[in-house]
Amino acid sequence: MKTGIATVSISGNLEEKIEAIAEAGFTGIEIFEQDFIADIRSPAAVGRRIRESGLEVMLFQPFRDFEGLPTALRAKAFERARRKFDVMQELGCELMLICSSVHPEALGGIDRAAGDLAELGDLAASRGLRVGYEALAWGRHVNDHRDAWEIVRRADHPNVGLVLDSFHTLARGIDPETIRRIPGDKIFFVQLADAPAIEMDLLYWSRHFRNMPGEGDLRVTDFMRAVMATGYAGPVSLEIFNDQFRGGSPKTIARDGYRSLIALMDDVRRQEPEAMSGVPPLPAPVRVHDTAFIEFAAQGAALTALEDLLASLGFQRRGRHVSKAVTLWQQGNIRFLLNAETTGHAANAWTVRGTTICDIGLSVASAEDTVIRAEALGAQPFSQPIGPGEMPIPAIRGLGGSVMHLISEGALSEVWDVDFLHEDAATPEAGLTRVDHIAQTMSYDEMLSWSLFWTTLFDMQKAPMVDVVDPDGLIRSRAIAAPDGAARITLNGAESHKTLAGSFLADGLGATIQHVALATNDIFATAEALKARGFEALPLSPNYFDDLSARFDLQPEQLDRMRAASILYDADEHGEFFQFYSKPFAGQMFFEVVERRGGYAGYGAPNAPFRIASLKRLQRAKEMPTV
């Protein structure tokens with residue numbers, strides 16, 4: 001399967017785009033005319049550079065306002081086409097995209113349009129070229145792929161075919177199943193784009209809000225299933241117009257695009273296997289059973305402070321690594337590793353960020369399948385030297401240099417017995433049972449990348465994005481979870497360094513995990529146990545509890561207990577949610593303790609503004625610089 005991406009999809013100049021697209025693993029490239037015109041090199045030089053990078057020039061686009069023009073304008077359109085054909089021949093590109101006309105003087109009529117395309121087909125054939133006709137969703141007379149196909153069918157020319165674009169079909173609500181009626185050999189090219197469900201002008205929506213397949217709400221998988229059922233065997237390419245992408249990293253956007261395309265075609269293969277026999281199989285999105293461990297990089301006095309905090313949360317040191325300066329702290333099924341090594345990944349993380357979460361381990365159905373799928377989706381494996389007697393554990397790099405280890409059932413689950421010398425628990429635990437969720441903080445423009453990473457690699461689904469109000473700005477938040485809730489991630493995107501999330505990023509030089517939520521089956525008993533160990537909960541405004549009594553029908557005794565322990569509350573039609581927080585540590589990191597009752601699957605979003613305000617009251621003054 002040939003994979004491509006339009007140069008308009010990513011930022012940078014043409015050279016930067018070529019490098020990013022080639023590095024991401026694509027087969028070919030669509031040349032967007034504006035990118036070519038802005039480049040100083042000749043068409044032949046550009047084509048040579050693209051081929052030297054290992055890419056194919058798949059498509060030259062767009063050729064606008066061609067069909068159905070009055071006589072004088074029609075002659076000029078054919079002259080424009082001849083000049084573009086000259087450029088294409090120098091580039092070494094044999095296919096041009098013609099989008100349906102939006103010219104105010106364009107005349108309707110399927111036969112008129114078909115006649116124009118047939119004549120252009122003759123001109124293209126004389127040059128050894130082909131043309132593909134696409135229905136723009138906002139085309140003046142043709143805005144539906146079914147009409148575009150009828151025009152191509154009546155043109156009846158071997159060098160004239162159809163170009164299908166998922167956005168133009170799905171944005172208009174056209175049933176993609178209608179594509180199955182089109183002969184696959186008459187589809188010359190397929191472009192893909194997703195988009196969030198927004199009610200707005202089609203042209204504006206298309207030009208500013210497209211995103212990668214899987215990042216939006218359109219039925220892109222159904223669209224591609226219908227395409228492949230026709231017998232189509234040509235390139236599958238991305239054409240993305242997105243304001244956020246235009247200011248992003250070319251390499252990051254290209255990698256995201258490749259990941260989205262491979263994951264999409266794997267989904268299609270699973271749902272339409274008879275049409276995808278030529279696509280190599282991948283392991284299915286991997287099921288996550290639980291969070292196996294969370295590893296902190298910490299040294300010196302900061303390490304001692306973290307140990308004291310974990311002890312106040314009811315954790316006990318349960319083991320020492322056989323060959324490294326790493327200790328295991330455990331309670332229930334929660335494992336924290338404190339890494340004080342002076343070399344390796346953790347040491348590098350400590351040098352850059354101070355105390356930070358440098359690694360997470362996931363318990364997965366198959367570590368081997370996870371690595372295979374991750375590498376196919378463009379992720380990079382991670383490894384570093386292991387010590388004597390230490391088990392090798394598969395690992396991959398996430399975004400931003402993060403590391404993720406993968407522990408599967410079977411031999412790898414024995415790592416705690418092999419790698420650590422055990423110590424007995426000295427005191428009873430405090431009721432914490434497992435990691436409920438991990439909260440990753442990032443800049444807003446990284447959220448789509450992280451969302452795509454989690455949902456394409458693992459069997460996880462994303463929830464709608466919500467806005468969280470910070471006293472100094474807005475934070476975008478999205479939850480991603482396994483179907484059974486065994487693994488939950490919240491992505492929090494900062495648009496300003498003034499917000500709590502933004503200042504964490506700025507002070508931590510891009511650190512990602514800001515807080516970890518720990519589950520208990522009885523939050524009141526756990527709160528009492530932690531208080532006895534010296535744990536100090538994040539204090540809340542008394543106004544919060546006064547408002548809580550007005551919003552919910554809570555018993556006075558329960559409300560008093562919540563007030564005393566700084567426990568926040570939320571409820572929906574499925575169940576109830578209780579939560580309290582630690583004070584910030586190591587800068588702006590913190591822990592959360594939660595109890596879910598019934599089928600509550602949220603994260604206490606209505607409480608987030610009050611938690612943020614409380615945390616910010618404990619920060620340094622806004623005018624005070626960092627040292």
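This is a predicted model: local features need pLDDT of at least 70, side-chain atom pairs count only at pLDDT 80 or more; totals for chains, interfaces and linings use all residues.
Residues are numbered from 1 along each chain as its sequence is written, and side-chain values use heavy atoms, with hydrogens and water left out. Local features need pLDDT of at least 70 and side-chain atom pairs count only at pLDDT 80 or more, while totals for chains, interfaces and linings use all residues.

A search of the whole structure returned 26 aromatic pairs (rings of Phe, Tyr and Trp, the last by its six-membered ring, with centres within 6.5 Å; planes under 30 degrees apart are stacked, over 60 edge-to-face, and the rest tilted). One of them joins Phe36 and Phe60 edge-to-face, at 6.4 Å centre to centre with 75 degrees between the planes. Phe36 belongs to helix α2 (residues 33-38) and Phe60 to strand β3 (residues 56-63), so this pair ties together parts 24 residues apart in sequence (helices, H or I, of at least four residues and strands, E, of at least two are DSSP runs numbered from the N terminus). Phe36 is buried at 10% relative accessible area, as is Phe60 at 2% (buried, under 20%; exposed, over 50%; partly exposed, in between; 1.4 Å probe, protein chains only).

Phe336 and Phe591 also pair edge-to-face, with 5.6 Å between centres and 65 degrees between planes. This pair links distant parts of the chain, 255 residues apart: strand β12 (residues 334-339) holds Phe336 and strand β25 (residues 590-598) holds Phe591. Phe336 is buried at 0% relative accessibility, and Phe591 is buried at 2%.
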